[in-house]
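Colleague: Please take me through this model slowly, and tell me what stands behind each word that you use for it.

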Amino acid sequence: MPERPIRLFGDPVLKTVSAPVEQIDDRVRALVDDLIDSVKLPGRAGVAASQIGVNLRVFSYNVDGEIGYIINPEIVELSGEVEAIDEGCLSVPGLWHKTPRHAFARVRGIDLDGNEIELSGTGLMAQALQHETDHLDGLLYLDRLEKDERRAAMKAVRESDWF
Ligand code: ZN
């Protein structure tokens with residue numbers, strides 16, 4: 001299946017807490033396929049299922065040439081300094097804001113065979129793992145911004161031609 005259109009800020013699907021995958025069936029396999037196809041496009045580091053309109057706990061990633069996915073991810077470790085680094089989101093196109101993130105993140109979940117897997121890393125991987133897990137909890141990176149930064153971001157959103 002081809003990549004699916006990305007839902008934009010303002011769509012209620014992005015603010016909904018996603019449900020865990022209870023059973024790995026053809027629907028979930030198709031969802032993973034679509035997430036992989038959707039994250040392959042240049043400039044994409046991660047796509048959460050909610051961003052393509054499905055409130056299930058699955059996301060894909062594309063970091064340093066490595067493309068993959070995880071089902072039912074849970075953050076099991078956040079460590080290192082919290083630093084505000086430039087972050088963007090496909091659902092908030094054209095905007096970048098300094099977002100506080102931990103330097104290292106580790107998530108644990110399962111693959112399509114039901115086997116436990118872990119993803120971890122620093123840099124862009126740490127950022128992507130935190131950003132995509134937030135999506136599954138109905139959070140956007142805008143929700144993580146300091147007050148003044150958030151105010152500036154919301155103004156920029158309102159002035160965007162896609163909004
Ligand atoms: Zn995002």
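Colleague: Why does Cys-89 count as buried?

Modeller: Its relative accessibility is 8%, and buried means under 20% relative accessible area, whereas exposed means over 50% and partly exposed lies in between, computed with a 1.4 Å probe on protein chains only. Since 8% is under the cut-off, Cys-89 is called buried. This is a predicted model, in which local features need pLDDT of at least 70 and side-chain atom pairs count only at pLDDT 80 or more, while totals for chains, interfaces and linings use all residues. Residues are numbered from 1 along each chain as its sequence is written, and side-chain values use heavy atoms, with hydrogens and water left out.

Colleague: What makes Gly-65 exposed?

Modeller: Gly-65 has a relative accessible area of 70%, and so it is called exposed. Gly-65 is found in the loop between β2 (58-63) and β3, where strands are DSSP runs of E with at least two residues, helices are runs of H or I with at least four, and the numbering starts at the N terminus. Between Gly-65 and Trp-96 there are 22 Å in space, C-alpha to C-alpha, and 31 residues in sequence.

Colleague: Which residues does Cys-89 touch, and how do you know that they are in contact?

Modeller: Cys-89, whose place is in strand β3, touches Gln-51, Leu-95, His-131, His-135 and Tyr-141, if residues up to four places away in sequence are not counted. Contact means heavy atoms within 4.5 Å.

Colleague: What makes Cys-89, His-131 and His-135 donors of the zinc ion?

Modeller: A donor is an N, O or S atom within 2.8 Å of the metal, or within 3.2 Å for Na, K and Ca, and sites may look incomplete because water is not among the atoms. The atoms in question are SG of Cys-89 and NE2 of both His-131 and His-135, and they lie 2.0 to 2.3 Å from the zinc ion, so they meet the 2.8 Å limit. Along the chain, the donors follow the spacing C-x41-H-x3-H.

Colleague: Why are His-131 and His-135 separated by about one helical turn?

Modeller: The two residues are four apart in helix α2 (residues 123-136), which means a separation of about one helical turn. Leaving aside neighbours within four places in sequence, His-131 is in contact with Glu-87, Gly-88, Cys-89, Arg-101 and Tyr-141.

Colleague: What does UniProt say about Cys-89, His-131 and His-135?

Modeller: The unreviewed UniProt entry places the feature "binding site" at these three residues. Although they are spread over 47 residues of sequence, they cluster in space, with a largest C-alpha distance of 10.2 Å. Cys-89, His-131 and His-135 are also included in the lining of the largest pocket. UniProt positions are given in the numbering used here, with shortened feature names, and the annotations may be inferred rather than shown by experiment.

Colleague: What lines the largest pocket?

Modeller: On a 1 Å grid over the protein atoms alone, a pocket is an open set of points where a 1.4 Å probe fits, with protein on both sides within 12 Å along at least five of seven lines, and a lining residue has an atom within 4 Å of a point. By that rule 21 residues line the largest pocket, and Gly-43, Ala-45, Gly-88, Cys-89 and Trp-96 lie nearest its centre. Two or more lining residues come from each of β3 (66-89), β4 (92-110) and α2, and α2 gives the most, with six.

Colleague: How do you know that Glu-132 is buried?

Modeller: Glu-132 has a relative accessibility of 3%, which is why it counts as buried. Glu-132 has its place in helix α2, and the "active site" annotation of the unreviewed UniProt entry covers it. Apart from neighbours within four places in sequence, its contacts are Gly-46, Val-47, Ala-48, Gln-51, Phe-59 and Ser-60.

Colleague: Where is Thr-133, and what makes it buried?

Modeller: Thr-133 is likewise in helix α2, and it counts as buried because its relative accessibility is 5%. With neighbours within four places in sequence left aside, Thr-133 is in contact with Phe-59, Ile-75 and Val-107.
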